[in-house]
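Me: I have a structure open here and have not looked at it before. Can you walk me through it?

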Amino acid sequence: MLVNRRNFLKSGLLGSAGIFLSSPVSALPRFSLNQNTSAITVSFCGTSCSRDEGEVSRKDSDKNIYLPSTGYIPVRIIKELNGFGKSVRGCGENDWATSQISEPLLINGPLVIPKSLKSDISDYINGDQHSLIEAAKGHSMPALALHGANISAASKAETINFIGHSRGACEAIIAAWFLYAYGDEKVRNTPINIFAIDPVPGFGAWYGLLTQLPPNVANYVGVYAWDMSNNINSIDHAFQAVVPRPNGRMRGEDNEIHIHDQSWFNWLKREPSWSVMANEAQQKDPLAPDDNYPQPQGYELYACRGRHGTVAGNTTVDGGYDAKNLNSNVAAVPELIYKMARGYLTQWGSQFSTPCAVETDVLALRQHIHMFHREFDLMGGGETRTSKLTGRPYVRRISSIHGYRPSNTYYMEDVVGNPPYKLSYPVTTERQGKGWVNWKFL
């Protein structure tokens with residue numbers, strides 16, 4: 001990531017450990033969705049999240065669980081762009097909290113898609129999409145990803161910025177692949193930047209599209225919640241996160257790839273062509289050890305205290321959905337991620353017309369998180385995560401491996417390395433090793 005560090009320090013954008021703080025807008029160009037512009041920002045909501053998530057309450061979602069200053073971060077970001085961006089609803093949800101219908105998805109161009117993709121997404125294009133079954137399955141992910149990709153291509157923007165949470169972050173990665181595979185030459189060569197907040201595919205298939213960044217991604221920033229677990233008896237087991245592999249550009253190597261065509265084997269397994277295009281393009285695993293390999297550029301992985309919802313704006317003490325359980329000590333996490341999102345997006349060309357709502361600087365937020373860490377410790381199984389049970393049930397698992405099997409996951413604590421001793425990150429006595437990519441601890 002090429003940054004004039006002196007200018008960013010002077011403007012207050014960079015803080016401790018190179019983390020962005022605020023978002024000055026005076027020097028950035030305006031853009032609209034209807035003109036040839038410098039940048040477009042598309043936000044992908046998480047499962048069961050509407051396009052006004054955190055702004056209003058509805059039967060299944062109380063806006064009061066979100067911090068007023070940050071709201072649900074992917075939605076609030078688009079709101080603060082004052083119309084110069086677009087949000088995409090989450091799996092199993094309608095567009096707006098007050099509606100029983102969803103606006104039709106943009107699927108008929110400008111991207112030229114295969115018939116198999118059009119067939120697979122046909123049930124999710126419009127109508128009432130509120131469905132608990134779909135929320136569990138997540139089969140609408142490619143439809144929502146294509147919608148965001150088509151919006152981006154139609155804008156003729158010079159830069160495409162994606163932000164997403166949960167399955168929405170996974171859709172951002174899929175959308176980047178769709179732009180690369182189905183766009184014209186200009187669209188294929190348009191740089192894409194992704195700010196991914198705890199990308200989680202769920203129980204479904206982990207497509208090769210999820211575990212490898214395509215060549216058009218210039219920057220990937222992933223924020224991963226520390227205080228989840230792999231306890232099979234809890235809902236956490238469904239929240240194993242994906243860490244996509246950096247592309248050749250990020251590794252300073254050949255950035256060309258071969259898009260995999262559907263084989264007879266894939267056809268027999270009823271895997272459509274779009275879902276297997278990246279199966280044979282899997283590159284260096286960021287979670288595997290390799291002491292001698294240089295660090296990727298434009299590829300940053302962050303570990304953060306809190307749960308899956310905490311990093312997206314939820315301030316309940318348990319990361320749940322009951323507003324009676326709000327706790328002010330949790331607020332520093334969503335405030336920090338909100339500031340980071342605005343900072344990275346600003347660097348990538350997004351323009352904010354609304355000032356940053358969080359005035360506390362990053363260093364103070366990080367100090368608060370680790371000074372008042374009791375709530376975060378309890379979220380993930382206690383201050384000591386070592387258990388008498390086998391399989392480290394209170395340690396989160398993550399994966400960069402195509403295909404969903406328990407053996408395809410890593411213990412998160414084994415790939416991030418040793419947390420700085422001044423920061424509170426509970427680990428087990430079994431913790432060992434480190435992936436070749438250096439993680440940053442927030």
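Reply: What follows goes through pockets, cavities, a sheet, a helix and cysteines in turn. The model is predicted.

Me: What volume does the largest pocket have?
Reply: The largest pocket has a volume of about 800 Å³.

Me: Which residues lie nearest its centre?
Reply: Thr-47, Ser-48, Ile-235, Phe-239 and Tyr-321 lie nearest the centre of the largest pocket, out of 39 residues that line it.

Me: And which helix gives the largest share of that lining?
Reply: Helix α4, residues 132-137, gives the largest share, with three residues.

Me: How does the pocket lining split by class?
Reply: The lining of the largest pocket has 16 nonpolar, 15 polar and eight charged residues.

Me: What lines the largest cavity?
Reply: Its lining is made of Trp-226, Arg-385, Tyr-394, Val-395, Arg-396, Met-412, Glu-413 and Pro-426. By class, that is five nonpolar and three charged residues, with no polar ones.

Me: Switching to strands. What is the order in the open sheet of three strands?
Reply: The order is β6-β8-β9, and the pairing is mixed. β6 (241-242) and β9 (410-411) are the edge strands, each pairing on one side only.

Me: How do β8 and β9 run, parallel or antiparallel?
Reply: Strand β8, residues 397-399, runs antiparallel to β9, and two bridges join them. Arg-397 stands opposite Tyr-411 in β9.

Me: What about helix α5, what should it span?
Reply: Helix α5 covers residues 141-154, and its 14 residues should span 20 Å at 1.5 Å a residue. The end C-alpha atoms are 20 Å apart, so the two values agree.

Me: Is α5 mostly covered or uncovered?
Reply: Mostly covered: 13 of the 14 residues of α5 are buried. Just after α5, Lys-156 takes a positive phi of about 55°.

Me: Does Cys-45 count as buried or exposed, and why?
Reply: Cys-45 counts as buried because its relative accessibility is 0%. Buried means under 20%.

Me: And Cys-304, buried or exposed?
Reply: Cys-304 also has 0% relative accessibility, so Cys-304 counts as buried.

Conventions
Residues numbered from 1 in each chain as written. Predicted model: local features only at pLDDT ≥ 70, side-chain atom pairs only at ≥ 80, totals over all residues. Heavy atoms only, no water. 1 Å grid on protein atoms, 1.4 Å probe; cavity = no way out; pocket = protein on both sides within 12 Å on 5 of 7 lines; lining within 4 Å. Nonpolar A, V, L, I, M, F, W, Y, C, P; charged D, E, K, R; others polar. Pairing = 2+ DSSP bridges. Helix = DSSP H or I, 4+ residues; strand = E, 2+ residues; numbered from the N terminus. Expected span 1.5 Å × (residues − 1). Buried < 20%, exposed > 50% of the residue type's maximum accessible area, 1.4 Å probe, protein only. Points joined across faces, edges and corners; volume = space filled by probe spheres on them.
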